[in-house]
Amino acid sequence: MFAACSPSKPAEQGTKQEDGAKPLTYDEVPYPEAITYWAGLGNANTVLKDFSEMGAYQELEKITKTKVTFQHPPAGNGVQDQFNLMLASGTLPDVIEYTWSSVAKGPDQAIKDKRILRLNEWIEQYAPNLTKVLNDRPDLKKMITTDEGNIYVFPFLRPDEELLTFMGPVLRKDWLDKLGLEVPTSIEEWEKVLIAFRDGDPNGNGQKDEIPFLMRDMNVAFYGSYGVMDGFYQENNVVKYGPIEPGYKEFLTTFSRWYKEGLLDKDYATTDGKLQDAKMTGDILGSLVTYNGSGVGRYMSLMKEKDPNFKLVGTVYPTGIAGQKSLGQQDPPFQGVGAAISASVSNPEQIVKWLDYKYSEEGHMLFNFGVEGKSYTMKDGYPTYTEDVTNNPDGLPMAQALSKYMPVSWSGPFVQDKRYIEQYVSLPEQKEAMKNWLDADHSKILPPITPTSEESSTYASIMTDIDTYKSEMVNKFIMGAEPMENYDKFVETIKSMGIEEAIKIRQAGLDRYNKR
């Protein structure tokens with residue numbers, strides 16, 4: 001996937017192309033002397049004050065001699081708020097790392113408004129490493145190109161499915177074993193297990209205090225068992241909206257009954273991460289939907305000494321329709337995240353060349369594995385993370401320990417390497433979970449389609465209200481505050497709020513994507 005030759009050594013700093021002169025060749029272009037670079041801190045927000053403290057960027061400065069001044073917005077909602085203010089002001093740093101696909105009116109409009117550069121020609125001439133990646137994987141090039149034909153970022157790419165599926169249903173395997181139960185694979189089998197968790201005292205304390213199933217996030221509930229998704233999806237290139245489809249009613253009917261019968265955590269809607277941790281480590285939670293790293297791996301680690309018998313199993317998403325696999329979680333290889341270049345820069349070819357280094361073989365190693373001898377060593381040709389990462393002496397979780405050296409555990413303008421995830425999910429329980437979660441139907445997931453500027457405004461106006469209404473009503477249905485008899489009225493209300501127009505917008509986007 002990477003260019004056979006690494007970027008050449010930088011030409012003497014300060015070389016500048018005169019207006020009207022013949023364009024410089026790749027070898028003639030120097031790396032820039034200095035760059036201003038805006039980006040969220042990601043998983044590094046608790047261990048670094050600035051990316052200039054990160055091992056990968058320190059090494060990159062030694063190689064390119066480019067001095068980078070980083071600008072980091074506050075974590076959480078502060079990232080989006082500061083980005084919007086910055087974009088509106090028109091005063092932009094040289095490089096802006098962001099989820100550009102989510103920008104109001106879309107990235108094409110940001111190019112038309114002269115906020116960021118169209119990168120196609122710059123990449124072709126001054127980014128041979130990224131060019132090779134895209135030529136080797138035309139499907140990725142299609143994803144990072146807008147309907148109007150623009151490439152707008154140096155993209156964060158995840159080319160392997162192991163990098164795209166990272167969460168799913170998890171059960172207490174030791175509870176299953178204690179009760180003599182098999183790992184469930186269908187909704188019917190799950191219900192039997194949850195009843196046994198409720199009634200069989202699997203934690204052995206003589207109290208009926210077990211919580212059979214915690215569903216914190218509606219985005220990863222079991223609606224996929226009934227062939228629908230919580231939002232937009234497609235069947236044979238026809239866009240649908242899950243909550244108004246019959247399968248969603250079946251899902252709500254099941255979960256409403258489970259809630260009434262005490263199979264769901266009655267406080268699921270108000271349970272945050274800390275409370276979830278307390279329920280799992282307090283030996284009262286039997287199953288949940290969670291992540292492989294911060295869920296399965298973390299809980300296995302936390303409970304290792306407290307309860308040697310504690311064991312989790314990540315299961316396939318349960319089937320609810322005979323003969324059909326459930327729909328499961330999987331991200332697209334590109335989600336609009338990457339580094340755009342401000343339209344106001346005077347040396348785009350230099351910045352392009354600097355960004356392209358991350359897609360070279362050396363840059364790939366640097367931004368996926370960090371500094372050789374510190375964060376990784378080569379063992380039989382395999383880049384193996386050191387104990388400073390895998391068993392950090394300061395007790396840092398692996399995601400934070402990695403972030404001292406490189407941004408591989410979240411995102412950035414580079415290609416993520418699956419050898420990272422092979423080590424991040426290192427426990428047998430994590431590997432089994434990944435295998436089972438991959439065993440799902442991912443065919444209905446929409447590709448990263450982009451709306452036009454006009455569509456974007458209309459769509460946002462419609463979906464802001466619908467999303468709020470849907471979330472409120474789904475919880476009411478599950479908790480019994482709204483009878484299931486009113487589901488058809490719920491559907492009609494969503495239709496009256498403009499969902500059919502929103503579906504048309506998504507359909508138009510999918511049609512354009514398929515024609516790229």
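This is a predicted model: local features need pLDDT of at least 70, side-chain atom pairs count only at pLDDT 80 or more; totals for chains, interfaces and linings use all residues.
Valine 95 has isoleucine 341, in β10, as its bridge partner. Valine 95 lies in strand β3, residues 95–99, which is joined to β10, residues 337–341, by 5 bridges. The two strands run antiparallel.

Both strands are part of an open sheet of 5 strands. Its order is β2-β1-β3-β10-β4, and the pairing is mixed. The edges are taken by β2 (67–71) and β4 (154–155); each has a single partner strand, so one side of each is left without a neighbour in the sheet.

Rolling a probe the size of a water molecule over the atoms shows where empty space is left. Across the whole structure, 3 cavities of 30 Å³ or more are found.

The largest cavity holds about 80 Å³ of space. The most comes from α1, with 5 residues. Among the lining residues are Tyr57, Gln58, Lys67, Val68 and Trp354. By class, the lining has 5 nonpolar, 4 polar and 2 charged residues.

The second largest cavity has a volume of about 40 Å³. Tyr57, already named in the lining of the largest cavity, also lines this one. Glu97 is another of its lining residues, and the range of β3, 95–99, includes that position. Others include Phe51, Lys358, Phe367 and Pro407. Here the classes are 6 nonpolar, 2 polar and 2 charged residues.

How values were computed. Residues are numbered from 1 along each chain as its sequence is written. Side-chain values use heavy atoms; hydrogens and water are left out. Two strands pair if DSSP finds at least two bridges between them. Helices (H or I, at least four residues) and strands (E, at least two) are DSSP runs, numbered from the N terminus. On a 1 Å grid over the protein atoms alone, a cavity is a set of points where a 1.4 Å probe fits but cannot get out, and a pocket is an open set with protein on both sides within 12 Å along at least five of seven lines; lining residues have an atom within 4 Å of a point. Grid points are joined across faces, edges and corners, and a volume is the space filled by probe spheres set on the points. Ala, Val, Leu, Ile, Met, Phe, Trp, Tyr, Cys and Pro count as nonpolar, Asp, Glu, Lys and Arg as charged, and the others, Gly among them, as polar.
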